[in-house]
Amino acid sequence: MENMGARRPFTAPRPRAVPSYVLLVHILRRRQMLSRAFLSASFLLYLLVPSVLGQVSLPNPPILPPGAETGAQPSSSSSTPNPQWSTLLGNLLYFYEAQRSGRLPSSKRVSWRNDSVVNDGQDVNLDLSGGYYDAGGMDRLAISSDFTHAASDYIKCTFPLSFTIMSVCWGANDFGKGYDMANQTAYLDDMLRWGLDWLIKAHPSPNTLYVQVANADLDNAYWGGDLNIPDHRPSYQINDTSPGTDAAAGAAAAFAACSSLYANRGLGSSYSTPASLHNSTYADTLLNHAQQLYSFAVGATGGQQEYHKSVPEAGTAYASSSYTDELTMAALMLAWASNSSTLYNQAVSDYQQFGLGGQDMVFNWDSKTPGLAVLFAQLAQAEPSLAGNLSGWQTEAEQYFDRIVNLQGRPSLTKGGLLWYDGDSDEASLNPALNAAMLLTRYAQIASTPDKKSSYLNFAQNQINYALGKNPMSAPYVVGSNPNSPANPHSAMASGGNDINNLDTSPEQEAYVLYGAVVGGPDKRDRFYDIRSDWPETEVALDYNAPMLTLAAMQVLSESSDPYFTALQDGAYAKVKPSGTPCDPAFPCKSGLSRGAKIAIGVVVSVVGLALVSGAAYATYVWRLRRSRSYKH
């Protein structure tokens, strides 16, 4: 990753018998060669065994989102679990069901969703149906300086999906009891398996990973429902000769994080017990895929490189800036999942070798670095026989978090109180803030002093409150949570429209409520316009919901009072809703003058300027002439 902040020296805990990078790759390859037949057979077995075995039974009757009006009704409860926080957690999970691709089960809760693109993978003779559609509508780079193209986002992308699943599994381990208390563990299991089972399909052999299904450029030409998605959906892969280190390592980290969750590997007494998903067979399946993908990431014969260099089509929406953070995160997550000191030491070595310490960046699908010191510290605290030097990793993590809470370096606050990173918060402003709040909440449990713990939790709570309505717009930025929630999320499916040239008026009102969707968020002046085509503010995406899930689970676990939005009555947002349009990539800033007016002004300025220059020259000539005459006299 590019270092956005000042780099400082960092002394990591001294590794114990750290093997060299080359030696580790050699070991992995040697093991693979010695057990090639066993690995091939076991891999096929893992693919053939249906992972649905052992899945937690879904509630019957199903739990459905209540109407938004209930979010304006304070609860009478003064204990945990608070029913409003439990409902919010359930709605956040419900959003993922609305994003499902493929054949939907009979237990589906989103009545307006249909089976879709069931033939994905047919072009490569594989079943790549299922999984999740990435977002609601706008491929992030499908714009130019003079043209904004809003379109539906029915592509399936491994790289951001892996980050989303890793984040959710990590959070369900830290604060998993919150899911149990809210009666949402079965839906958590359902949500995770829908994504994990697709990732398993996308990894059909040890050194092959499908990183995208559907072409973003073709996808951008379609805005409409799930029944008429264009059929031409090519499948893109990385492999041994055309590698993608970041995508392979990112998927490995997701599988490893979820393996720890399903294996019930908690992180010690500072955290809750993991969500009640214990299933050792499924945990082993996930660990097998994680190990193979990590081996592929470090040992591909094509070398190490960003995945979009092998698959340029993936760069349209999710180009990666580096593979070093994914490689380090994969080693660390695998060390936790397999209790491997070798992999732990490799993660420490990578952290040092790649210069990942002291960076001042956000945590998101492309940037995992801020999470590394947190997980290093968690493992040092929970697994001292595996990891070491808790104080060293606390120092590393706290220097990053202190810069956030003290607003030093890149971080700043909007006037309304939203954490802001120029360059990262300009689109989907809530995402950097909520990911920071998630990391702060996670780390605060093992902070070095009570004061730091209190400071981190208070800052995180302010970001949660902002996202849930304590902001200048009086808008909770989770769809369907309150009457003042966004009414026009940028979602092709939920909108019910099919006119790509009139997204905001066709139809006037969204056909369906996309319950639980976290939208992009307001601009730097805390303004939110709630315009369907304004994807920087109203876009929805898999990774946008991920941090709020962990934060909501933590609130269920510990908070007896209601979310802030219960204090907001219908009409609060309408009173302060800004007029006009925003100034962002979807609505480029305008001066208000037509092209003809600008030309006319230019002509006038030029003529006036020429007249002034000519007058000044004539005055100078006359002055010099008079002066020369005076000398003669």
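1. Helices H15 and H16. Helix H15 (residues 430–444) and helix H16 (residues 450–467) have axes that come within 8 Å and cross at roughly 145°. Axes are lines fitted to C-alpha atoms, for helices over the stretch in contact, and angles run from 0 to 180 degrees between N-to-C directions. Helices (H or I, at least four residues) and strands (E, at least two) are DSSP runs, numbered from the N terminus. This is a predicted model: local features need pLDDT of at least 70, side-chain atom pairs count only at pLDDT 80 or more, and totals for chains, interfaces and linings use all residues. Residues are numbered from 1 along each chain as its sequence is written, and side-chain values use heavy atoms, leaving out hydrogens and water.

2. The contact. Contact means heavy atoms within 4.5 Å. On H15, the residues making the contact with H16 include Leu-430, Ala-433 and Leu-434. On H16, Tyr-456, Leu-457 and Phe-459 are among them. The contact residues divide into 13 nonpolar, two polar and one charged. Here Ala, Val, Leu, Ile, Met, Phe, Trp, Tyr, Cys and Pro count as nonpolar, Asp, Glu, Lys and Arg as charged, and the others, Gly among them, as polar.

3. First disulfide. The whole structure holds two disulfides (cysteine sulfur atoms within 2.5 Å). One joins Cys-169 and Cys-258, with sulfur atoms 2.0 Å apart. Cys-169 lies in helix H4 (residues 158–174) and Cys-258 in helix H8 (residues 245–262), so the pair ties together parts 89 residues apart in sequence. The S-S torsion is about 95°, so this disulfide is right-handed. Cys-169 is buried at 0% relative accessibility, and Cys-258 is buried at 0% too. Buried means under 20% relative accessible area, exposed over 50%, partly exposed in between (1.4 Å probe, protein chains only).

4. Cys-583 is joined to Cys-589, S to S 1.4 Å. Cys-583 is partly exposed at 43% relative accessibility. Cys-589 is exposed at 56%.

5. Aromatic pairs. The structure holds 22 aromatic pairs. Rings of Phe, Tyr and Trp (its six-membered ring) pair if their centres lie within 6.5 Å; planes under 30 degrees apart count as stacked, over 60 as edge-to-face and the rest as tilted. Trp-112 and Tyr-512 are stacked, 4.7 Å centre to centre with 10° between the planes. These two residues tie together parts 400 residues apart in sequence. Trp-112 is buried at 15%. Tyr-512 is partly exposed at 35%.
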